[in-house]
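Colleague: I have just opened this model and would like to learn how to read it. Could you take me through some of its features, step by step?

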Amino acid sequence: MKTLPEPIVISPLELLKLTSVDTIDLTETHKNETMKKLPIDKIKEACAKVIGVSVAEIESRNRFKLPALARQFAMYYALRGRTLEGVGKAFDRNHRNVFHARDKIAFLRDTDWEIKHYSEQIEQALAS
């Protein structure tokens, strides 16, 4: 007789991380409120400098890893005080691309040390 595998037990906090970050207020996770609504050009420049790509690559349709990551960071930080549609227009993207970038960066900041390091450097660059 076959036995069933034991069920996987996931805590509510882990389940929240796996499902969606829609319920997380992103403004509370940022320590520096002075960066709330910066010009998008300054955000693009800071992200490009930290990740090591050009601003033109962020604005392009390039889907390679580093330009895409820098673009997602820029969209993530541009959302402070702006709507998904507004940021999408600024990056010549659909609001769903901005939604995906927000969720991806928010999740990876908690789970990936390299993304967290990039995030800290970008926040320092934006604060100065």
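Colleague: Let me start with Arg-102: does it count as buried or exposed?

Modeller: Burial is judged by relative accessible area: under 20% is buried, over 50% is exposed, and values in between are partly exposed (1.4 Å probe, protein chains only). Arg-102 has 15% relative accessibility, so it counts as buried. Please keep in mind that this is a predicted model, where local features need pLDDT of at least 70 and side-chain atom pairs count only at pLDDT 80 or more, while totals for chains, interfaces and linings use all residues. Residues are numbered from 1 along each chain as its sequence is written, and side-chain values use heavy atoms, with hydrogens and water left out.

Colleague: Where does Arg-102 lie, and which side chain does it join in a polar contact?

Modeller: Helices (H or I, at least four residues) and strands (E, at least two) are DSSP runs, numbered from the N terminus. Arg-102 lies in helix H7, which covers residues 95-111. A polar contact is a pair of N or O atoms within 3.5 Å; within protein, one must be able to donate a hydrogen and the other to accept it, and residues adjacent in sequence count only if both atoms are side-chain atoms. Here the side chains of Arg-102 and Asp-103 are joined by one of 3.4 Å. As for distance along the chain, Arg-102 and Ala-74 are 28 residues apart in sequence, and their C-alpha atoms are 9.6 Å apart in space.

Colleague: What does Ile-105 touch?

Modeller: Contact means heavy atoms within 4.5 Å. Leaving out residues up to four places away in sequence, Ile-105 touches Leu-69, Gln-72, Phe-73 and Tyr-76. Ile-105 is also in helix H7, and its relative accessibility is 0%, so it counts as buried.

Colleague: How do I describe two helices that pack together?

Modeller: Two packed helices are described by the angle between their axes and the distance between the axes. Axes are lines fitted to C-alpha atoms, for helices over the stretch in contact, and angles run from 0 to 180 degrees between N-to-C directions. Take H5 (residues 65-78) and H8 (residues 113-127): their axes come within 12 Å and cross at roughly 55 degrees. Angles under 35 degrees count as roughly parallel, over 145 as roughly antiparallel, 65 to 115 as roughly perpendicular and the rest as oblique. H5 and H8 are therefore oblique to each other.

Colleague: Which residues meet where H5 and H8 pack?

Modeller: From H5 come Leu-69, Phe-73 and Tyr-77, and they meet Ile-115, Tyr-118, Ser-119, Ile-122, Glu-123 and Leu-126 of H8.
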